[in-house]
Amino acid sequence: MSSVSPIQIPRRLPLLLTNEGVLLPGSTMRTSVDSARNLQLVRSRLLKGTSLQSTILGVIPNTPDPASDAQDLPPLHRIGTAALAVQVVGSNWPKPHYTLLITGLCRFQIVQVLKEKPYPVAEVEQLDRLEEFPNTCKTREELGELSEQFYKYAVQLVEMLDMSVPAVAKLRRLLDSLPREALPDILTSIIRTSNKEKLQILDAVSLEERFKMTIPLLVRQIEGLKLLQKTRKHKQDDDKRVIAIRPIRRITHIPGALEDDDEDEDNDDIVMLERKIRTSSMPEQAHKVCVKEIKRLKKMPQSMPEYALTRNYLELMVELPWNKSTTDRLDIRAARILLDNDHYAMEKLKKRVLEYLAVRQLKNNLKGPILCFVGPPGVGKTSVGRSVAKTLGREFHRIALGGVCDQSDIRGHRRTYVGSMPGRIINGLKTVGVNNPVFLLDEVDKLGKSLQGDPAAALLEVLDPEQNHNFTDHYLNVAFDLSQVLFIATANTTATIPPALLDRMEIIQVPGYTQEEKIEIAHRHLIPKQLEQHGLTPQQIQIPQVTTLDIITRYTREAGVRSLDRKFGAICRAVAVKVAEGQHKEAKLDHSDVAEGEGFWLQGLSNIFLSSNWKYRDQQKGGLIGCREHILEDAKPESISDTPPDLALPPEMPILIDFHALKDILGPPMYEMEVSERLSQPGVAIGLAWTPLGGEIMFVEASRMDGEGQLTLTGQLGDVMKESAHLAISWLRSNAKKYHLTNASGSFDLLDNTDIHLHFPAGAVTKDGPSAGVTIVTCLASLFSGRLVRSDVAMTGEITLRGLVLPVGGIKDKALAAHRAGLKRVIIPQRNEKDLEEIPGNVRQDLSFVTASCLDEVLNAAFDGGFTVNTRPGLLNSKL
Ligand code: ADP
């Protein structure tokens, strides 16, 4: 084709520099484009025009394109192939990248490079032209012989292959229909040859030379095929097809022929893969599938996209731990010690986990329930899961399910899809390499649903002990036994877990921590862990308990300890900088007068060290950097702090983190106690809400204005909450006389000429649920009576139209929230009295719980001196 090509290529060609393969005239190749010059070329020559056909490129092989166009053009290979781009595929993300499908037309030679930027353009001379071949009789004859010989070998090679394969039959037909001159190029690109060999063929401009060079390559291929056929003869005849176009191993060593390690490696890989399949302990069904696939793989040319797919599949199959497991070491006493060592508090959770493990010890049967830890973030759910794996001596793997809305995330894609992958379960098994790990299914409550199916339904199959012994991932398409895997799920709330899934799990509530528990956790676990992570020692940094309490109350507001942990991280980083700086400074203070013992770090002492020096520096430098100096200097004894500190001196160790240092590192406190301020007007009451993130206190505000008796509700409320508000108003209206509640004009009809507005901050957070009922009543009672609600009381409870108070959930979390906020009295429904047992002793001591069965009792407990009528009638008018 090339030599008889009637194509006349332009005299100037844009050059595409390639380094991967060698494009020969008459063959087609895919090449990726990601360097600056090549990208420019594709953009301006291929993507801008209307038709790809209109541009002929000069493909220069074996020439790496420099990464940036600022660099000089490397020396170009002398001969290239003029090519047509047949297809351009590409994307701009994450970085620009194109793949070109190019077909070679004819050889050319660079005469002169005309320009280098933005992409090289060269003046070229076309090399493959019919009339250019020598015309004398002798050469023609010689060439005739050569070409005849070449043709013979080519036919022999093709006939050794299986003609029933359509590609082989087509090749046979091509041999006859193509001009002989085109055959060397075409066959070289089809048979197994290395890049260097192809390059030599490209450089062989004379046809005679080209024939001469290609014949040994053909012979080599034929010999390889022969040997292969011999070795396979005793096997099924069928294997003839397997030989495909390339030999499995190079047999003859042709002088001048170059070694091609890559391809040998590929073949080795397949042999290895086959061996692995044979020796692997996979079940029979899986084994059968693998054998079938590897047969298919051998028949496929490597360039076929399916080749890589099948190979990946087989690699996964042999890597999967079909029969590999770890041995459980179950010692309940050791487990208890380990759980206690790793986690402070959370008694209920630890107890249940130990029970679970004990049952496993007695009966080695995993068909038990799946444990699901439910609680706010940062309370240690994941970390307990990890400890369980540790106690059992099993591998641990976490699967984050938050936001997963495609069932193929769990169950994999069918292999027919492009980019198909196994699901997360099978992937996890491959990662851990054993079939009995502990899988932590994190955030099961945040599974989504979409058009791609319901991942929760797919999880059912995984979690159901009756079904999971033959879980079939779509990608694997054979069953895998999951019954040895120990699944533990975590969630923030059970409300959004699909009921069918919930049914398969045993819920263990993990409530938030009290301040005291947090302090203990911080000092036993979080601080030592952070110090270790930052390479610090207790001799270098000290964080007293008061500081921890300060961080808990003023820098974090959470049920768990995650932000607290992060704050310690921030402190450690700040200190680490100072310590590292100090290590480089040669001048060291005499430490002899600084006590190293713990007594030195008493909080009292640290306050003494907060000398004027601190403030002086604060004004001088300000900001975090300046402040860090203070933290460090702060640890010095008084005598040192009197003199202006020398920044060149290394910091005194250990560095004490006290209130001022805290402010410098973490900034001003984020949360202040605002409760009493906000309750300084009538029409405000504090409710207690439960959220997936733990308990929260919630202010309810009401105001009234002239109007037509309308009720406005703001703060993103759900339907149930809106109904509670209507109920509250109705109850107050019907009891207005009893409590002597009046509107602005003194009428007992509260809505007469009056509009009411109720607001629930924070406005951006959606709220719903019936438990705000009592708070709304109290807030409105305060508004219409003009009396202030006690500033230290919070409440929760559902109401009925007749004024009864019904029980609600989440009492423990709500009580902890009230305690965190520094409140003193909590009003709860009487029927929730039993929940008080769960509340930690110290919280119960600090809070006084009032149980109420009707709204009368709520109001009496919420207002100073009770809320009965007519006791202080004068007060009403004076406040209004
Ligand atoms: P969750 O999974 O509940 O969101 P994590 O398990 O990730 O929370 O816990 C966050 C961090 O808090 C972890 O570093 C964990 O070790 C620590 N932590 C939480 N609770 C405790 C506890 N009771 N004792 C010790 N460390 C804890």
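Author: Buried here means under 20% relative accessible area, exposed over 50%, and partly exposed in between (1.4 Å probe, protein chains only). The model is predicted, so local features need pLDDT of at least 70 and side-chain atom pairs 80 or more, while totals for chains, interfaces and linings use all residues. Residues are numbered from 1 along each chain as its sequence is written, and side-chain values use heavy atoms, with hydrogens and water left out.

I start with the ligand. Of the 18 residues around it, Tyr344, Lys381, Thr382, Lys529 and Arg562 come nearest (near: a heavy atom within 4 Å). The residues of this shell divide into eight nonpolar, six polar and four charged (charged: Asp, Glu, Lys and Arg; nonpolar: Ala, Val, Leu, Ile, Met, Phe, Trp, Tyr, Cys and Pro; polar: the others, Gly among them). Helix H12 (381-392) and helix H17 (515-533) each supply at least two of the shell residues (helices: DSSP runs, H or I, of at least four residues; strands: E, at least two; numbered from the N terminus). The largest share, four residues, comes from H17.

H12 itself is mostly covered, since nine of its 12 residues are buried. Lys381 and Thr382 are among the buried residues of H12, and both are also among the residues that come nearest to the ligand. Val384, Gly385, Ser387, Val388, Ala389, Thr391 and Leu392 of H12 are buried too. The end C-alpha atoms of H12 are 17 Å apart, which agrees with the 16 Å that its 12 residues should span at 1.5 Å a residue (expected span: 1.5 Å times one less than the number of residues).

As for individual atoms, a backbone N or O atom of Tyr344 lies 2.7 Å from a nitrogen atom of the ligand. A polar backbone atom of Val379 is 3.3 Å from a ligand oxygen. In the side chain of Arg562, an N or O atom is 2.5 Å from an oxygen atom of the ligand. The protein covers 88% of the 560 Å² of accessible area that the ligand has on its own (Shrake-Rupley method, 1.4 Å probe).

Next come the charge pairs. A search of the whole structure finds 31 salt bridges (a Lys or Arg side-chain nitrogen within 4 Å of an Asp or Glu carboxyl oxygen). One of them joins the side chains of Arg352 and Glu506 at 2.4 Å, N to O. That pair links distant parts of the chain, with Arg352 in helix H11 (residues 347-362) and Glu506 in strand E13 (residues 505-509), 154 residues apart. Arg352 is buried, at 16% relative accessible area, whereas Glu506 is partly exposed at 24%.

Arg790 and Asp864 also meet in a salt bridge, at 3.9 Å, N to O. Both sit in loops: Arg790 between helix H28 (773-785) and strand E20 (793-795), Asp864 between helix H31 (855-862) and helix H32 (873-879), 74 residues apart. Arg790 is buried, with a relative accessible area of 18%. Elsewhere, salt bridges that share partners join Glu293, Arg296, Glu306 and Arg415 into one network.

Glu293 counts as buried because its relative accessibility is 8%, while Arg296, at 31%, counts as partly exposed.

Notes. Polar contact = N/O pair within 3.5 Å; in protein donor to acceptor, adjacent residues only side chain to side chain.
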